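Hi there,

Here is the structure I promised to pass on to you. My notes on what turned up in it follow just below.

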Amino acid sequence: MSTDKPTAARAYLSRVRTALADLPANEIEELLEDVRPQLAEMETELGAAAKVEDLVARLGTPESYAAELRASGGYPPAPAAPEAATEVLPAAKPGRVGPRLALWGLLFSAAGTALVAFSAAVRFDAEVLIGMLVLAPVFAVSVAFLLLRGVDAMRELPEVVRAKAMVKSMRADRSADRALTYLNSLKPAWWVVCGFALLAFGLLLMVRNLHAILLLPVLLVGAGLVMWAGPRTKADGRMLWIAVPVSAFVVGSAFGGLGAAVNLVRDRSYSSNSTPIYTSSMYQDSHGNDSLRYGQHELTNLYVFDANGKPLENVYLYDDRGRPLTITRYGCEKDTGTSQMTGQDNQFPRPKVVEGVQDDHGNVNGYNGYRGYCREDAGVPFAAVIPKAPATSGTPAPPGTPVKPAPPTR
């Protein structure tokens, strides 16, 4: 920035300085100390053809940026509007619908992402992540309005202005200001934690379902993006559309993992004090329904035989109080090739659901398998040996002719 021709960063910084002209010179320099390297970095990214409009698209107008510097430093607003700059900037489009959709679409997507991640972690079920597809249209609309209107239009929304005023009032309190300063110092470490947490999340899901390995490339890309975009959120507000959803996903999965750990400890402590009996208890399956367990093993099917070892069909089971032993029934979903819940009942036995992967030639569980495969096998997969009642040790003698008593002697 030592050339005679003013660069975009120098022009932008000059307007920021003009907007802060009512403050003492030493305080202006203190406020601009962190602004100069940010502008230089952004100008390097944009290249030699960078214009002031490009910086405005990322940071907002110099006047609004100066107002944020005042608020962060606890200074009063400017006494009068700054004079217009010689370089004419494009006027913002009127209306708040677009910026509001972009802002609240981001917040809605982040909240939904946290809930989906929590549910997937607490159940150790990668299929729950399909719920992210519901959030995808909302997030796409938010990004579209972001690219159309930029970040500056969102900074002028009343709710954003109120949020900034709240942060400013918190900074007036020394204890709150120290807390905010401490949290800001943790930001660089947080982005690294997010990256490693995404990878750990994928590895944990693979423990339960090997098919979760298909998520690893997506999680790797997400980890790289958040570690790249996170440190740039202060200089470029658009990076929030990467950092915020990923952070919400990490927080949601962390709480879900904590819930899964609590459930695991509770189940183990309960099972260690129990005898192996059939019971419909406080345990629930992955669909939130009561599960039937034998010891620590969750049952999905029961087979009943008569005294001759013949399997019985269409048997309905009840407990000693006349309550049906109702558990979730599973079947195959043809489109995805995976198992799904088809209802609840107490009828046994049920078809055995077999899952796997299949290749283009119809080979099941082969090396090149990638498509989901599911089938339902009816019948009994084993033969039962029914114990017989033990035979008695002797044969009773048939009744004989009664013996006449001897005549009395004289």
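Tyr12 is buried, at a relative accessible area of 0%; buried means under 20%, exposed over 50%, and partly exposed in between, using a 1.4 Å probe and protein chains only. Before going further: this is a predicted model, in which local features need pLDDT of at least 70 and side-chain atom pairs count only at pLDDT 80 or more, while totals for chains, interfaces and linings use all residues. Residues are numbered from 1 along each chain as its sequence is written, and side-chain values use heavy atoms, with hydrogens and water left out.

**Aromatic pairs**

What counts as a pair here? Rings of Phe, Tyr and Trp (its six-membered ring) pair if their centres lie within 6.5 Å; planes under 30 degrees apart are stacked, over 60 edge-to-face, and the rest tilted. By that rule there are 4 aromatic pairs. One of them joins Tyr12 and Tyr65 edge-to-face, with 6.3 Å between centres and 65 degrees between planes. Tyr12 sits in helix α1 (residues 8–19) and Tyr65 in helix α5 (residues 62–73), so this pair ties together parts that are 53 residues apart in sequence. (Helices are DSSP runs of H or I with at least four residues, strands are runs of E with at least two, and both are numbered from the N terminus.) Tyr65 is buried too, at 6% relative accessibility.

Phe201 and Phe249 make another edge-to-face pair, 5.2 Å centre to centre with 80 degrees between the planes. Phe201 belongs to helix α11 (residues 187–208) and Phe249 to helix α13 (residues 240–272), so the pair ties together parts that are 48 residues apart in sequence. Phe201 is buried at 7%, and Phe249 is buried at 9%. Elsewhere, ring pairs link Tyr303, Phe305 and Phe382 into a cluster.

**Nonpolar cores**

In soluble globular proteins, nonpolar side chains tend to be buried together. A nonpolar core here is a set of buried Ala, Val, Leu, Ile, Met, Phe, Trp, Tyr and Cys residues joined through side-chain atoms within 4.5 Å. The largest one has 24 residues, and Tyr12 is among those with the most contacts inside it, along with Val16, Leu20, Leu32 and Leu39. Helices α1, α2 (25–32), α3 (35–46), α4 (52–59) and α5 each supply at least two residues of this core, and α1 gives the largest share, 6 residues. Leaving aside neighbours within four places in sequence, Leu39 is in contact (heavy atoms within 4.5 Å) with Ala9, Tyr12, Leu13, Leu55 and Leu59. A second, separate core has 20 residues, including Ala121, Trp191, Leu219 and Ala243.

**Salt bridges**

The whole structure holds 11 salt bridges, each being a side-chain nitrogen of Lys or Arg within 4 Å of a carboxyl oxygen of Asp or Glu. Arg17 and Glu29 meet in one at 2.6 Å, N to O. Arg17 lies in helix α1 and Glu29 in helix α2, so the pair ties together parts that are 12 residues apart in sequence. Arg17 is partly exposed at 31%, as is Glu29 at 34%.

Arg232 forms a salt bridge with Glu45, their closest N and O atoms being 3.5 Å apart. Arg232 is partly exposed at 24%, and Glu45 is partly exposed at 41%.

Asp236 and Arg238 also meet, at 3.2 Å, N to O. Asp236 is buried at 2% relative accessibility, whereas Arg238 is partly exposed at 28%. Salt bridges that share partners join Arg17, Glu29 and Arg36 into one network.

**The chain as a whole**

The chain has 13 helices and 11 strands. Of its 410 residues, 32% count as buried. Among contacts between residues at least 6 apart in sequence, 57% join residues at least 24 apart.

Best wishes
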